[in-house]
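Please keep the sequence and the model open while reading.

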Amino acid sequence: MGTFKIEGGHKLKGEITPQGAKNEALQILCAVLLTPEKVTITNIPDIIDVNKLITLLGNLGVKMQKNGPGSITFQADEVNVGYLETEAFKKEGGSLRGSIMIVGPLLARFGKGYIPKPGGDKIGRRRLDTHFEGFINLGAKFRYNREDHFYGVENSGRLKGAYMLLDEASVTGTANIVMAAVLAEGKTTIYNAACEPYLQQLCSMLNSMGAKISGVGSNLLVIEGVASLGGCTHRILPDMIEIGSWIGLAAMTRSEITIKNVSWDNLGVIPNVFRKLGITLERRGDDIYIPEHKNGYEVKTDIDGSILTIADAPWPGFTPDLLSIVLVVATQAKGDVLIHQKMFESRLFFVDKLIDMGAKIILCDPHRATVIGHNFQSQLKATVMSSPDIRAGISLLIAALSAKGTSTIQNIEQIDRGYERIDERLRAIGAHIVRV
């Protein structure tokens with residue numbers, strides 16, 4: 001297991017460009033299974049989770065040609081569906097939660113899709129019901145082997161379009177059902193569909209391949225099934241979670257940083273949430289400029305003067321992946337903030353490490369934490385800690401870069417799962433970070 005040694009307390013300065021979006025990449029890569037024609041994808045992030053999925057696609061028989069950094073042409077004209085029933089697949093597919101999204105395309109095109117219980121972050125229960133209920137609505141038969149936690153759906157002939165009201169606006173669930181429905185016979189209507197930018201990107205890509213999806217960007221998708229899809233070229237958006245991470249980093253280290261090419265129009269409420277914490281953000285073209293916060297940043301109270309509450313919600317609400325960043329940033333704000341993590345019950349459990357560093361945080365219950373900001377009157381103290389998941393890991397890294405002394409973060413593979421060459425990119429703007 002790798003380790004980061006971080007000497008905190010140094011101001012950073014310069015430009016940083018966000019990587020391609022991890023959560024979009026996991027959807028888009030699975031969609032190459034829907035056609036035997038060539039699909040070229042650019043701006044692919046070079047991170048563990050995405051590379052695992054690319055390896056899995058290769059083992060399924062998908063041909064690949066690397067065109068340059070972040071650009072690969074895929075061709076799924078000789079898919080080996082039998083690989084799904086091997087022991088190697090059970091091990092490989094179980095290590096990555098994003099692997100669940102191969103099921104929809106495989107079911108639609110080949111009549112079967114299997115997956116072991118997927119892995120990923122340990123942030124609480126993450127249901128798969130939405131995925132499989134959607135497939136069943138399209139006519140597939142579901143089976144589950146309880147002994148080895150192996151899920152499967154099968155169908156003879158084409159799937160049949162249907163109306164469905166999703167029990168939750170699951171992003172991966174919506175993506176999976178959409179990928180199955182584009183090749184189904186007839187019309188599929190999905191209500192309470194996820195509508196985040198990455199799902200919009202998937203629908204746009206599928207339409208460029210010949211799919212007929214309307215309602216993109218809303219929670220009501222209508223899909224007219226087609227007999228086959230063709231190839232396309234698609235570019236992945238910049239990662240909004242990484243953009244939010246760099247905003248938090250700039251504020252906590254009181255650094256002057258420009259985040260390049262952020263695709264402002266796809267950031268939703270993210271800039272405004274950080275502004276509520278008192279952070280100054282300037283839009284310069286498609287860049288975000290964050291000036292040095294010499295005098296800190298003051299939390300804005302609610303309109304009636306009550307304590308600011310920041311909560312996650314399905315898009316276009318605030319993404320749960322950035323609540324950990326907001327929590328860390330609040331530790332040095334002037335004022336108090338209530339963080340309400342509604343969607344995952346174990347995501348706030350890293351706060352004990354911040355408390356060890358001197359942060360004033362009250363963990364009210366598994367979903368809520370109250371943060372009393374230091375207003376930079378007291379610097380966080382360096383410590384030794386371990387990264388429990390991707391987003392907690394980057395939050396602890398930001399805390400360490402602002403702290404007094406040298407911190408150690410273990411289990412950094414969790415951070416590498418979601419952030420590309422993060423130590424190199426941070427050193428380029430002045431961070432004192434070493435990978436051991």
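## The three-stranded sheet

Three strands make up an open sheet in the order β6-β8-β7, and their pairing is antiparallel. Strands β6 (112-116) and β7 (141-145) are the edge strands; each has a single partner, so one side of each has no neighbour in the sheet. From one strand to the next the twist averages 15°. Helices (H or I, at least four residues) and strands (E, at least two) are DSSP runs, numbered from the N terminus, and two strands pair if DSSP finds at least two bridges between them. This is a predicted model, in which local features need pLDDT of at least 70 and side-chain atom pairs count only at pLDDT 80 or more, while totals for chains, interfaces and linings use all residues. Residues are numbered from 1 along each chain as its sequence is written, and side-chain values use heavy atoms, with hydrogens and water left out.

Strand β7 is joined to β8 (residues 150-154) by five bridges, and the two run antiparallel. Within this pair, Lys 141 is placed opposite Glu 154 of β8. As a rule, side chains in a regular strand alternate between the two faces of the sheet.

## Helices on the sheet

Helix α4 (residues 103-110) lies across β6 and β8 and runs at about 155° to β6. Helix α5 (residues 129-137) also packs on the sheet, where it touches β6, β7 and β8, and its direction makes about 20° with that of β8. Contact here means heavy atoms within 4.5 Å. Axes are lines fitted to C-alpha atoms, for helices over the stretch in contact, and angles run from 0 to 180 degrees between N-to-C directions.

## Helix packing around α6

Two packed helices are described by the angle between their axes and the distance between the axes. For α4 and helix α6 (residues 171-181), the angle is about 15° and the axes are 7 Å apart. The two helices are therefore roughly parallel to each other (angles under 35 degrees count as roughly parallel, over 145 as roughly antiparallel, 65 to 115 as roughly perpendicular and the rest as oblique). Their crossing is right-handed; a crossing is left-handed if the near helix is turned anticlockwise from the far one by less than a right angle, and right-handed if clockwise. Val 103, Gly 104, Pro 105 and Ala 108 of α4 make the contact with Asn 176, Met 179 and Ala 180 of α6.

Helix α1 (residues 22-31) packs on α6 at an angle of about 15°, with the axes 11 Å apart. This pair, α1 and α6, is therefore roughly parallel, and the crossing is right-handed. Gln 27, Cys 30 and Ala 31 of α1 meet Val 171, Ala 175 and Met 179 of α6. Helix α1 is mostly covered, with nine of its 10 residues buried; among them are Lys 22, Glu 24 and Leu 26. Buried means under 20% relative accessible area, exposed over 50%, and partly exposed in between (1.4 Å probe, protein chains only).

## The β4-β5 hairpin

Strands β4 (residues 63-68) and β5 (residues 71-75) run antiparallel and are joined by five bridges. The bridge partner of Gln 65 is Thr 73 in β5. The two strands form a hairpin with two residues between them, and Gly 70 in the turn has a positive phi of about 75°.

Most residues other than glycine have a negative phi, and most peptide bonds are trans. Trp 315 and Pro 316 are joined by a cis peptide bond with omega of about 15°. Pro 316 is in the loop between β17 (308-311) and α10 (323-330).

Asn 261 has a positive phi, near 50°, and sits in the loop between β14 (256-259) and α9 (270-276). Its relative accessible area is 46%, so Asn 261 is partly exposed. Phe 376 also has a positive phi, near 60°, and belongs to the loop between β20 (368-372) and β21 (384-386). Phe 376 counts as buried because its relative accessibility is 19%.

## Gln 414

Gln 414 is part of helix α13 (residues 413-416) and is buried, with a relative accessible area of 14%. Its side chain reaches the backbone oxygen of Pro 388 at 3.4 Å. The C-alpha atoms of Gln 414 and Asp 49 are separated by 9.7 Å, although the two residues are 365 apart along the chain.

Notes: Polar contact = N/O pair within 3.5 Å; in protein donor to acceptor, adjacent residues only side chain to side chain.
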